Amino acid sequence: MQTKTLAKPPAETTILVTGGAGFIGSHTVVELLNAGYRVVVLDDLSNSNEESLNRVRQICGLSAEDSEADRLQFVEASILDETALERMFAQHDIDGIIHFAGFKAVGESVEKPLEYYWNNVGGTLVLADVARRHGVKSIVFSSSATVYGDPDEVPITEMAEKHEATNPYGQTKSMLERILSDLYVGDPEWNVVLLRYFNPIGAHESGLIGEDPKGIPNNLLPYVAQVAVGKLPEVGVFGDDYPTPDGTGVRDYIHVVDLARGHVAALDWMAGRVGTGEASDPYSMTGEPAADGSRRGVGVFNLGTGCGSSVLDVIHAFERACGKTIPYAVKPRRAGDIAENYAACDKARTELGWEAQFDLDRMCADSWRWQSTNPNGYAS
Ligand code: WQD
């Protein structure tokens with residue numbers, strides 16, 4: 001089977017988005033459709049809702065009757081289901097993959113390591129094996145700044161040492177970076193991009209799609225949003241004695257639409273349309289481009305804003321967005337938390353031609369519009 005290429009017009013290119021009904025996935029599907037790609041979403045809906053894809057169609061003007069409606073197809077299946085994957089690759093002429101599907105709750109991963117390694121690592125192995133059979137060897141992987149662990153210094157560059165992850169969720173990200181890199185070492189036809197996300201928050205400006213965590217949110221922003229909309233009484237601030245300006249944890253929050261656009265830029269890089277392809281860190285490897293100019297190798301990029309914001313910064317920004325006081329109480333530190341991390345973003349800017357556009361106030365304003373118009377997420 002000849003290896004598929006991304007070096008062709010997006011309108012002639014079909015991208016498989018695993019986990020595409022989820023928070024980051026659905027926003028990325030919007031940007032892919034806006035860029036002209038054809039999209040197949042594979043999602044087991046274990047932590048997402050198919051309604052998000054109906055909203056994506058609404059945002060992109062893909063009504064059911066529209067001749068373009070088939071530009072977005074949905075397959076409900078797990079990445080562990082080899083038969084379903086085989087059927088999907090046989091039915092759809094997939095050219096490349098953006099791989100989000102995976103369990104992602106840090107605390108839950110400590111309680112359920114077997115489920116996390118089985119689903120996240122085992123599922124990715126099944127996906128890569130079936131993809132390879134169909135000549136699909138271009139994959140963008142949803143990695144995370146968590147692979148850096150507690151950084152030696154900030155801002156964190158792609159050159160930074162990857163410290164031991166403090167939980168199975170983080171371990172699966174580190175392992176999968178290694179596994180996907182080794183696919184290229186074993187077969188130079190592979191084309192891999194590892195995107196290390198910092199803290200994705202916010203929502204599409206339409207308010208139609210956004211973050212819809214099941215149960216009590218683990219992450220700060222959806223928790224704050226649920227306090228603002230009256231579903232939770234107050235925010236627990238996990239520690240105010242960190243060595244940071246106001247004592248609370250500092251993170252690099254990035255608008256989910258900026259993050260989504262980073263994935264479209266990664267496809268352009270893999271197609272050879274942007275960047276020099278030079279490896280500039282110990283984890284990237286770039287080989288000879290293919291005859292059509294598309295890249296072969298492993299590209300590693302931080303996707304962040306380069307700005308650190310504290311927990312209190314986020315709470316106050318959200319107060320400005322919603323026009324209400326957000327009650328909070330300082331609690332003990334959360335096990336496994338680090339004091340501070342934010343990204344160095346030069347590599348994505350120079351190689352991908354991408355940089356984040358939106359600031360914390362815009363992130364909170366968009367998040368509030370989503371939360372206030374969808375107080376129960378997609379359930380309503
Ligand atoms: C942010 C800050 C907390 C909740 C994790 C994963 C990362 C990515 C995003 C999944 C910290 C503080 C939080 C709360 C609080 N993965 N906080 N009260 O831990 O930086 O990153 O989620 O998508 O890979 O590691 O994100 O939002 O949980 O915490 O004070 O109720 O907010 O201590 O300083 P984190 P977070």
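How many residues surround the ligand, and which are the closest?

Mentor: This is a predicted model, in which local features need pLDDT of at least 70 and side-chain atom pairs count only at pLDDT 80 or more, while totals for chains, interfaces and linings use all residues. Residues are numbered from 1 along each chain as its sequence is written, and side-chain values use heavy atoms, with hydrogens and water left out.

The ligand is surrounded by 18 residues, and the closest are Ser 144, Leu 220, Gly 236, Arg 251 and Asp 337. Strand E8 (residues 235-238) supplies the largest share of the shell, three residues. Helices (H or I, at least four residues) and strands (E, at least two) are DSSP runs numbered from the N terminus.

Ser 144 places a polar side-chain atom 2.8 Å from an oxygen atom of the ligand. Leu 220 instead uses its backbone, with an N or O atom 2.8 Å from a ligand oxygen. Tyr 169 has a side-chain N or O atom 3.2 Å from a nitrogen atom of the ligand. On its own the ligand has 690 Å² of accessible area, of which the protein covers 90%. Such areas come from the Shrake-Rupley method with a 1.4 Å probe, and for residues only the protein chains shown count as cover.

Strand E8 also contains Val 237. With 1% relative accessibility, Val 237 counts as buried, a label for values under 20%, as against exposed for values over 50% and partly exposed in between (1.4 Å probe, protein chains only). Contact means heavy atoms within 4.5 Å. Beyond its neighbours within four places in sequence, Val 237 is in contact with Thr 248, Val 311, Leu 312, Ile 315, Tyr 328, Ala 329, Val 330 and Lys 331. Val 30, in turn, is 207 residues from Val 237 in sequence and 33 Å from it in space, C-alpha to C-alpha.

The peptide bond from Val 154 to Pro 155 is cis, with omega near -5 degrees. Another backbone feature is found at Leu 45, a residue other than glycine whose phi is positive, near 60 degrees. Most residues other than glycine have a negative phi, and most peptide bonds are trans.

Strand E5 also includes Ser 138, which counts as buried at 3% relative accessibility. The side chain of Ser 138 forms a polar contact of 3.3 Å with that of Asn 191. Strand E6 (residues 191-197) contains Arg 196. Although its side chain is charged by class, Arg 196 counts as buried, at 0% relative accessibility. The side chain of Arg 196 makes a polar contact of 3.0 Å with that of Tyr 148.

As for the whole, the protein chain has eleven helices and 14 strands. Buried residues make up 56% of the 380 residues. Of the contacts between residues at least 6 apart in sequence, 80% join residues at least 24 apart. The chain exposes about 15,400 Å², and carbon and sulfur atoms supply 49% of that area.

Notes
Near = heavy atom within 4 Å. Polar contact = N/O pair within 3.5 Å; in protein donor to acceptor, adjacent residues only side chain to side chain.
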